[in-house]
Amino acid sequence: MPREESSKATRRSTRSSSSVTVENAEPNESHQPTVDDLTFGDESITVDAVLSNFPGRRSQILDLIRLMGPLDCPTLPVMIYGSASTGKTSVVLQVLRHLSRPFVYSSCRTCYSPRILFESILNQLLLHRKCSSNGYSSAKRCDKPSDFVNLLREALGNVIESLESGSGTSRPDKSDGKPMGKMVYLIFDNVDLIRDWDKGSMILQFLFSLYNVLKMPQLGIILISGLPPDVYYSNMGYTDPLPLYFPEYSEEDLRQIFLRNQANRKLYAAFLDVVLKPFCRVTRRLEELSTTFSSLFRKYCEPLDDLGISPNEDMKRRLYSHLKPLIAPCLNEIFRVSSHPHDGDTRGERRQKASYSSENREELETLDFHMSVSAKFLLIAAFLASRNPATLDASMFDSTGGMDNRKRKRKASEKSMEKKEMAEQEAVMKGPGSFPLERLLAIFQCIASVGDSSFGEEEEEEDEDPTGYDKENNNLMSDILLQVSSLCDANFLIKSGSCPLEGSIRYRSMVSEDLALKAARSLSFPLAKYLYRR
Amino acid sequence: MGKEIIPAAEKSLNLIRGRLCDPSYVFRPLSASSDSNYSKLKFIVSTSITEGCNNSILLLGPRGSGKAAVLDLVAGDLLEEFPDSVSLIRLNGLLHSDDNCAFKEIARQLCMEHHLLFSKMASLDENSQFIVAMLRECGLAHKTIIFVLDEFDMFAQGKQRLLYSLLDAMQSVTSQAVVIGISSRLDADQLLEKRVRSRFSHRKILFLPPSREEFDGLLEHLLSLPADSSFPNGYVSRFNEKIKNITSDTRFKDILRTLFNANSTVNSLLKFIFRAVSLMNLESGLLSLENFKAALSSMQRQPKLEAVRDCSILELYLLVCMRRLEVKEQSAYNIISVMKEYKTIHDSFQTSDYYAQNVCLRAFEHLRERQVICYTENRGQSQTGEYRPMKLLISASELHQGMRSHACCPAILLKLLDH
């Protein structure tokens, strides 16, 4: 900015000020937004370019262009809906770039309250940019729909006037990104998030009837929603906008999308032949598949020295057999970020491969995270307390430690089998039971003493100082309450309502059986003996 | 795409779409007859203007039957007939149901009409005093104020202070006001409080859907191009000829009948024609029956079917498990019981699609996002996480249909659904 530099040249430059680069003069201050900024900004593109940018969306793009109509054609409100990452927002913006029409975009995800939404739209229409000179404030303060309608009408009137006066000059080059036509389009993105707002249903009603309230034919409204339009039906009734549906991509479309921007298409096509079909059975969402495929593709290319070659049948078979054992576990870990190191650590990879090649059962045995011994015992105690009814505690945890003296069961009759099934169903529906803190501590003490005897044998194998163990035994009790509260924070225990008679807080264990089994196995604790089976 | 677009085609498209988006153009032929709602309303309002008395009316009818449009026509005509003695104040229940907003908006519009300065800082009491004073002054000057209350039922929520003050002010001899309420609730007058209802003259005008003859007339009115010089002459006659052919075709009448079976308001017809006209072939510049057929199929959306068709195979498995649990008369089920059913299916049929728990949990989330399943309300015991009871939001027949039209649904799932 030559203007800024000349004003600074007159200041006396001390050593400290000249060492600091004076770049904090905002570049935006000299640039006031004009009506031309209401378009996409870049050069406009042809329909063919839009169609080739979005494989699989041909009919939707053509539909949208037809619904918006030729230049200066009035249009009814349109609602575009589809599930996540189906390309709704990007298609709308690219179509508007192709048509070079002025628009105002606001997303209900970034504008999370009505006031921010209204002010953002008004700022864009009033060509107001927030900068330090106006203290980063909006042009007008507006938090009620009634004010918004009045201000919007004024602002739209001004913009349309300037568009009309601007379009009078003839422009030889129509694709330079300047706005065309006299209509302004309002785009509301993520409209389904408004349902969770305070008074969200009123705001939704207002948005849907905005076109009727304003009665301006130069305004076009496009709503983008992640949920289908039948979600918005309310008992107030509303004039529904024209729906346009973006379905999920089919396998063919996904293949085309993944093949774009790939350096080596033949190699990637061979890779997709292997992985696309099994992964599409689980999910067809683009964002989830792309993260998995990027890491899998790196693994696929491991045996290759040169990533630029196109594979023949032999090599394809070799690569496939290299990748095959990884696919099945990866399907089950599709949403979990693996904690094992992937690249670089070959020893880790060999260990990883060994664990993958063995049965899945081995994976179940290890806990993914570290817990102290007392925490593990507490976890198991909470699990037992939730699963077993309180009346059986005495028989379960007696000095012999187990269910050795159970009565012999008679052959179950059909009625009792039915009752057993019903009881099981009810138990599953009710979820884990709640228990007071005292019961948890009692069970903990019981099983910790059981575990001591088996634990003591293991201790001799390790290199730790065995004499320190006895002291640990005595100190095990002192920070139990601390452990309880940390388990609560980790959501392994939750506080449920307190019993009005007793007045103490009751807890509930949210640990799944798998996790409890893993913890018990790491302590060599016989969990199955203590679990009450109906 | 080297095809030529006739410029006349674009112009005719613009013209027809402009007509469809303009309610006053659409409803003008419907208001032509003498016993239409237009003439009734006009009669009531013009008599109260000329005789200088107060009045209140409710316009009731389903959404999209043209209540606001007819009112705009009447208001336009009255403003032409009596230029100095009518002023119009518009309120909308969606925007102004709060009393503060409503009084402020009335005061603002009154100030704009009479070129007074409006202060945004005025309080509620100041605004209401101003309104009462204005009503008195206008009454003395023989000027009628027409209050249009759109979405009348929204004003009837809460304490109804605005309604009471408006209707009360009308009871005095000096004021001349007409209150017109528009509502899509047919029992809007039952919502009024006793004191408000006693001051309300129970005049109601019902807006019913037009008859078939009126619809035919409306179609012609909307779709035929005028024979003026802006269009090439042969084009206009060809276009109108084509429209006549289409509207007299029995298949078109079937299409219209299907449309009206679902929604017989004027608004749905407008949307249908809008969609059809947007599909107009711009190279020939003529409409065809296929446009109308495509428009009808795009209006008959079935969102739940689309949601099922979008599901992946794992999600279909989970839906089938839930349906089987329902068939076994287990009315309440949660994720744990569905996973158990999933495991039993896998054990008995040895399917290849058996995935771990966390993958299935995420599939449940996808299904919930698409509103195919949802959590049932808590009945007192607050469950968390995987123990919350769920239910299906689609019926068995929809699930069947969706799975049959799914691109790659395995045959075993259909078999499982039937047993």
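Trainee: Contact means heavy atoms within 4.5 Å. With which residues is Asn264(A) in contact, leaving aside its neighbours within four places in sequence?

Mentor: Those residues are Leu307(A), Gly308(A) and Ile309(A). Please note that this is a predicted model, in which local features need pLDDT of at least 70 and side-chain atom pairs count only at pLDDT 80 or more, while totals for chains, interfaces and linings use all residues. Residues are numbered from 1 along each chain as its sequence is written, chains are lettered from A and ligands numbered from 1 in the order in which they are written, and side-chain values use heavy atoms, with hydrogens and water left out.

Trainee: Which backbone nitrogens does its side chain reach?

Mentor: The side chain of Asn264(A) reaches that of Lys266(A) at 3.5 Å and that of Leu267(A) at 3.4 Å.

Trainee: On to the interface: how many residues of each chain are in contact?

Mentor: On the side of chain A there are 68 residues, in contact with 63 of chain B. About 5,400 Å² is buried between the two chains, with 55% given by carbon and sulfur atoms; this is the accessible area (1.4 Å probe) lost on being put together, summed over both parts. In chain A, Arg281(A), Val428(A) and Met429(A) lose the most area to chain B, together 13% of what that side buries.

Trainee: How many salt bridges does the rule find across it?

Mentor: The rule, a side-chain nitrogen of Lys or Arg within 4 Å of a carboxyl oxygen of Asp or Glu, finds four between chain A and chain B. Asp72(B) and Lys215(A) meet through their side chains in a salt bridge, at 3.9 Å from N to O.

Trainee: Changing topic, how many helices and strands has chain B?

Mentor: Chain B has 21 helices and seven strands. Its radius of gyration, taken over C-alpha atoms, is 29 Å, well over the 22 Å of the globule rule for 419 residues, so chain B is more spread out than a compact globule. That rule is 2.2 Å times the number of residues to the power 0.38.

Trainee: What box do its C-alpha atoms fill?

Mentor: Along the principal axes, the box is roughly 90 × 70 × 35 Å. Of the 419 residues of chain B, 50% count as buried.

Technical notes: A polar contact is a pair of N or O atoms within 3.5 Å; within protein, one must be able to donate a hydrogen and the other to accept it, and residues adjacent in sequence count only if both atoms are side-chain atoms. Helices (H or I, at least four residues) and strands (E, at least two) are DSSP runs, numbered from the N terminus. Buried means under 20% relative accessible area, exposed over 50%, partly exposed in between (1.4 Å probe, protein chains only).
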